[in-house]
Amino acid sequence: MIRAVKGMRDILPPSSAVWNHVEETARKVFRSYNYGEIRTPIVEETVLFARGVGQDTDIVGKEMYTFEDRDGTTLTLRPEATASVIRAYLEHRMDQVPGLRKLYYMGPMFRRERPQKGRYRQFFQIGAEAVGSDSPAVDAEVIEMVIEILSRTGIAGFTLLINSVGCPVCRPQFVARLRERLKGVVNRMCADCQRRAETNPLRVLDCKVPEDQPIIDALPSILDELCEECRSHFDSVKSYLAGRSIAFEVRPRLVRGLDYYMRTTFEIVHGALGSQNSVLGGGRYDGLAEALGSKIPAPGIGFSIGEDRLVMIAEEAGADVRSGVDLFIAPLGETAFQYCALLARELRQQGAVVEVAANGKLKRSMELANKLGARFALIVGDDEMAGGRYGLKDMNSGVQEPVTREELLRRFAAHS
RNA sequence: GCGGCUUUAGCUCAGCCGGUAGAGCGCUGGAUUGUGGUUCCAGAUGUCACGGGUUCGAAUCCCGUAAGCCGCCCCA
């Protein structure tokens with residue numbers, strides 16, 4: 001048998017209803033903050049991600065689906081969306097619009113990693129970017145918005161973590177200082193840290209090995225090394241969040257993996273996720289446009305929600321999504337069947353969820369109505385056709401009463 | 001890319017030290033005429049993941065491959 005490729009999966013009912021619920025909630029929230037949807041191509045030139053995400057990241061280094069087009073161009077399935085959004089921002093000169101450009105997106109991303117819980121090779125992200133300002137007020141609004149999405153989706157128990165990773169002025173200084181301090185102690189740390197000390201010293205700060213913690217605690221913190229501008233920016237973000245009564249934890253060790261982040265970075269974690277406990281990550285990327293070779297600046301901040309993970313949490317929290325059928329119609333006889341088809345269309349136009357059984361044994365129809373979880377069943381046979389009153393049966397109570405066509409239409413009108 | 005566990009009916013799984021397969025749920029049909037949910041009866045379905053090996057004989061032991069899950073790395 002042909003199966004779905006490794007790390008990619010089918011999303012079926014009833015789970016797909018939860019996906020729809022999450023997406024609809026997000027769209028409503030985005031709309032209320034005046035964000036518009038952007039749809040970028042799933043395929044981009046490889047160089048966009050190489051420059052935008054960063055040559056040294058794992059994503060670019062070993063996780064991209066890259067192939068050569070027939071004309072020799074090297075293309076890549078997008079591993080994330082921010083680089084594409086900024087590319088589109090620059091390509092369409094969105095810096096010319098008044099105020100901020102506020103965009104949201106949702107769709108599949110591709111990363112060739114080893115699949116596990118909450119991690120797939122094709123996964124879905126819901127994200128937003130506010131481009132055109134470096135003001136900390138924008139950071140606060142963006143963070144508020146994403147929290148609004150989570151809570152309106154119906155989940156609780158998440159934690160907002162924030163940090164500042166500095167800018168091209170202060171970060172290199174900090175990294176140099178960190179390297180210096182690591183020299184003396186790294187040989188007492190875990191094997192991973194010894195490697196990270198060489199490849200990416202910032203990652204050492206993120207180590208979870210308990211034995212390493214005392215050593216890490218003694219290492220300098222990025223927050224102590226921020227330049228004046230970054231310090232004041234971060235202070236403003238924190239006070240704006242506090243002003244909005246948004247709870248957060250400052251995590252000086254929070255280092256995001258993408259090269260383009262600067263100043264504000266944030267992440268929301270949730271306990272139900274296991275090892276992949278991050279539901280969403282985001283941050284500011286004021287230098288990204290320049291990294292893409294643009295002379296037009298595009299300072300911005302954005303985030304990306306792991307939709308697969310959010311859905312997982314929502315399902316574990318028992319997200320109740322409306323499903324099932326409102327009315328199951330059981331016709332008896334060919335004439336009744338034809339009539340019922342018309343009646344069903346009318347009810348559906350009013351928004352009711354209606355099933356019409358094939359013309360057959362009533363017993364079979366009733367069994368099916370029960371299995372489908374129908375709230376009501378309608379029996380339409382010769383007697384009913386002649387009398388103008390049909391048998392409406394409440395499938396929970398078992399009570400059946402005769403109703404006219406008009407009563408029926410009125411009764412199922414509220415569903416629209 | 002590395003490690004551990006798993007892979008038997010549509011689903012969840014049992015099958016102890018090797019003798020060619022079972023349960024529950026689901027599905028199909030029935031218990032007299034146009035009424036479901038409970039009950040009763042009957043029934044169908046498996047190249048026991050794939051390939052190779054050991055053996056008189058393998059779902060059961062060994063090797064390999066693949067897939068799934070879980071962890072590491074990293075990330076959403």
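Visitor: What makes strand 14 (residues 376-380) count as mostly covered?

Guide: This is a predicted model. In strand 14, five of its five residues are buried. Buried means under 20% relative accessible area, so each of these residues falls below that limit.

Visitor: Which residues of strand 14 lie on each of its faces?

Guide: Phe 376, Leu 378 and Val 380 are on one side, and Ala 377 and Ile 379 are on the other. Both faces are covered, as all of these residues are buried.

Visitor: How do you know that strand 14 pairs with strand 12 (residues 327-331)?

Guide: Two strands pair if at least two bridges are found between them. Strand 12 and strand 14 have five bridges, in the parallel sense, and therefore meet the criterion. Leu 327 stands opposite Phe 376 of strand 14.

Visitor: In what sense does strand 14 pair with strand 15 (residues 389-394), parallel or antiparallel?

Guide: The sense is antiparallel, over four bridges. Leu 378 has Leu 392 of strand 15 as its bridge partner.

Visitor: Why is helix 4 (residues 82-91) called largely enclosed by the rest of the structure?

Guide: Helix 4 is described in this way because eight of its ten residues are buried. They are Thr 82, Ala 83, Ser 84, Val 85, Ile 86, Ala 88, Tyr 89 and Leu 90.

Visitor: What covers the buried residues of helix 4?

Guide: The cover includes strand 2 (43-45), helix 2 (46-52), strand 5 (101-110), strand 6 (122-131) and helix 12 (288-291). After helix 4 comes Arg 93, with a positive phi near 45°.

Visitor: Why is Thr 40 called buried?

Guide: Its relative accessible area is 14%; the limit is under 20%, so Thr 40 qualifies as buried. Thr 40 is located in the loop between strand 1 (36-37) and strand 2. Leaving aside residues up to four places away in sequence, Thr 40 touches Arg 78, Ser 84 and Val 85.

Visitor: Why does Phe 67 count as partly exposed?

Guide: Phe 67 has 37% relative accessibility. Buried means under 20% and exposed over 50%, so Phe 67 falls in between. Phe 67 belongs to strand 3 (residues 66-68).

Visitor: Which residues make the nonpolar surface patch of about 210 Å²?

Guide: That patch is made by Ile 42, Val 43 and Phe 67.

How values were computed. Residues are numbered from 1 along each chain as its sequence is written. Chains are lettered from A and ligands numbered from 1 in the order in which they are written. This is a predicted model: local features need pLDDT of at least 70, side-chain atom pairs count only at pLDDT 80 or more; totals for chains, interfaces and linings use all residues. Side-chain values use heavy atoms; hydrogens and water are left out. Patches are made of residues with over 30% relative accessible area and no salt bridge: like charges are joined within 9 Å, nonpolar side chains (Val, Leu, Ile, Met, Phe, Trp, Tyr) within 5 Å. Accessible areas come from the Shrake-Rupley method with a 1.4 Å probe; for residues, only the protein chains shown count as cover. A salt bridge is a side-chain nitrogen of Lys or Arg within 4 Å of a carboxyl oxygen of Asp or Glu. Helices (H or I, at least four residues) and strands (E, at least two) are DSSP runs, numbered from the N terminus. Buried means under 20% relative accessible area, exposed over 50%, partly exposed in between (1.4 Å probe, protein chains only). Contact means heavy atoms within 4.5 Å.
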